[in-house]
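My entries follow in the order in which I checked them.

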Amino acid sequence: MLKKSIGKFVELRSLACLIGMLLIVGVINPEFLSITSVMNCFNDSVVFTLLSVGIAFVIFTGEIDVSVGMTLGLSAAVSSSLLRDGFSLPVAVIAAVVIGLIVGLVNGYLVAYRHIASLILTLATNGIGRGLIYVYTKGSWVENLPADFTAYSQMKIFSELTTFYLLAVLLVFVLDLLVKKTKRGRQFIAVGDNYNGALLVGIKAARIKLLAYVLCGVFAAVAGVIYSSRIGFITPLAGNAYEMKAIAACVIGGVSLIGGQGSILGAAIGAVIMSSVNRILVFIGLSSNFDNTITGILLISLVVIDALLQKREAFKLKRYKFMLQENKKEGR
């Protein structure tokens, strides 16, 4: 009851936040509301949409993963170097996905079956992966990617919407329905809501956590391939601090950091908001160097707000139970 009451209409609240943000910036600078500019806010969010959707599964279960930016960077570096060296796109994509699978399996197994704190573990994984990126690239940029590969990110449908973002939207809606309507999908929420309760009703909670990390790793890896296509080159710092924006996007979208609440659609809307910060700064005349600072401030504010809402709803639930007990005593 508590989780449902907090999470009710989260998608609508997130969408209202996005629309309000666009309108406010449009008042400051009317050029921002041009069709091309607004569509670019969505097109530019495709990488963060995939990252946010992936990490949402982990947060649903009550865990966290701060290594998604590293997974993106390592997958992007490996797949881009393969393409540069003449390998086909399917080979490069498979290599990236394998990296995501390995990272997800390692994180998921150690968190779910060895009960290592997810924050500490994924921080360590992030450090190891970042080191591997430098070793693999020898500290150099991966450049000279095939023109046909970078052209994929420019392919558009309906004149302004890119193919990548359209596919991401379709994926979001499918996953959102699966999480809300299928038994396996609802188990992610159930594990985060009440781990012991999930075990009592027969849910293999550890396996669900493992699956969540695997999905997170795979989505980060695919995001890395798309990132490569969009940017056209890869630096050793690719994906650095992206995990902060992905987590903030989830929280904006109504995904509770304590688990057991939220939706895939909400996380995707939050990703559009977070990825638009850089563009908004330009249109209101501020330096894009403030991007990470604003993201950090937003994340802290959202965590505080989330904690306050949880506390308020817990108080309401406690008072409701107390009233029920009093009514029973009075024989009502």
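I take a patch as residues with over 30% relative accessible area and no salt bridge, with like charges joined within 9 Å and nonpolar side chains (Val, Leu, Ile, Met, Phe, Trp, Tyr) within 5 Å. Accessible areas come from the Shrake-Rupley method with a 1.4 Å probe, and for residues only the protein chains shown count as cover. A salt bridge is a side-chain nitrogen of Lys or Arg within 4 Å of a carboxyl oxygen of Asp or Glu.

This is a predicted model, in which local features need pLDDT of at least 70 and side-chain atom pairs count only at pLDDT 80 or more, while totals for chains, interfaces and linings use all residues. Residues are numbered from 1 along each chain as its sequence is written, and side-chain values use heavy atoms, with hydrogens and water left out.

I found that Ile24, Ile28, Ile284, Leu286 and Phe290 form a nonpolar surface patch of about 470 Å². Of these, isoleucine 28 belongs to helix H2, residues 10-28 (helices are DSSP runs of H or I, at least four residues, numbered from the N terminus). Isoleucine 28 is exposed at 55% relative accessible area (exposed means over 50%, buried under 20%, partly exposed in between).

I then turned to H4, residues 46-60. Since 15 of its 15 residues are buried, H4 is largely enclosed by the rest of the structure.

Definitions and conventions. Helices (H or I, at least four residues) and strands (E, at least two) are DSSP runs, numbered from the N terminus. The expected span of a helix is 1.5 Å times one less than its number of residues. Buried means under 20% relative accessible area, exposed over 50%, partly exposed in between (1.4 Å probe, protein chains only).
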